[in-house]
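Student: Could we go through this structure together? I would like to begin with the overall fold and then turn to a single residue.

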Amino acid sequence: MTTLRQRLRSGEPLLGGLLRMPGEALVEIAGIAGLDFVLVDCEHGPADLVALQHHITAAAAHGLPVLVRVGADDPGLVLRVLDLGATGIVVPHVDTADQARAAVTAAHYPPLGGRGFATYSRAGRFGAVPIAEHLRRAAEETLVVVMAETPSACANASEILAVEGVDAVWVGPADLSVAMGLTGGGAEPAVQAAIASVRAAARDAGRSVMTIVDSPGRAAAAPPGLIVYNLAHILLATFRDLAAARTPR
């Protein structure tokens, strides 16, 4: 079976949905609809590991890989979400190569990283997977996406993306906009120029990019890589349209 990481490395555009917990039904709908992955946000919103396990279990029933956005510099949470069976992590506020190396260290077993080892977790099928197979699968499948959300991160993009084990970069447009003293949510020319520079650095380093979008049209215009729909924005716009339908014309 081709893994999400292998599909990403082949250059295939992969469509996913960003959601916050609780949202098991959205996970199932994403799987039924045919999305390629879901991204569960444990940075903004509750980082409840029991609830996260339910979300990952729901995704597994539909063969849907799960990425989890963890807190910045939180190796304990990284360990736990991967032990629960997440396919990979998204790490916010990575400003330097050292921080990128720390993320890789937390996500991968030795020799690449320093993740604590156990096969009796859900990821190891509660001890049913032999040690060598578990190590091999983790090395082949685990995705690490770093987020560039400040001018410093964008300036250091080449060094960050040169770190072995970093698979992709996501420029957080809203955080970057605020960090630059702006309030346009990422649509400003300066922010778009910074995003373009990071994407160029990713191309030069042979890494992928993640892009957040709010419509199929924006998804079609996004570069190949991990393309994630912001489900909160999409649902809000849909509900507004539904509410507006009662307005007399």
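Student: How many helices and strands are in the protein chain?
Tutor: The protein chain has 12 helices and 8 strands; these are DSSP runs, helices being H or I with at least four residues and strands E with at least two, numbered from the N terminus. This is a predicted model, in which local features need pLDDT of at least 70, side-chain atom pairs count only at pLDDT 80 or more, and totals for chains, interfaces and linings use all residues. Residues are numbered from 1 along each chain as its sequence is written, and side-chain values use heavy atoms, with hydrogens and water left out.

Student: What share of the residues counts as buried?
Tutor: Of the 249 residues, 46% are buried, meaning under 20% relative accessible area with a 1.4 Å probe, protein chains only.

Student: Now to T211. Where is T211 placed?
Tutor: T211 lies in strand β7, which covers residues 208–213.

Student: Is T211 buried or exposed?
Tutor: T211 is buried, because its relative accessible area is 10%.

Student: Which residues is T211 in contact with, apart from its neighbours within four places in sequence?
Tutor: They are R199, A222, P223, L226, I227 and V228, where contact means heavy atoms within 4.5 Å.

Student: And with which side chain does the side chain of T211 make a polar contact?
Tutor: With that of R199, at 3.4 Å. A polar contact is a pair of N or O atoms within 3.5 Å; within protein, one must be able to donate a hydrogen and the other to accept it, and residues adjacent in sequence count only if both atoms are side-chain atoms.

How values were computed
Buried means under 20% relative accessible area, exposed over 50%, partly exposed in between (1.4 Å probe, protein chains only).
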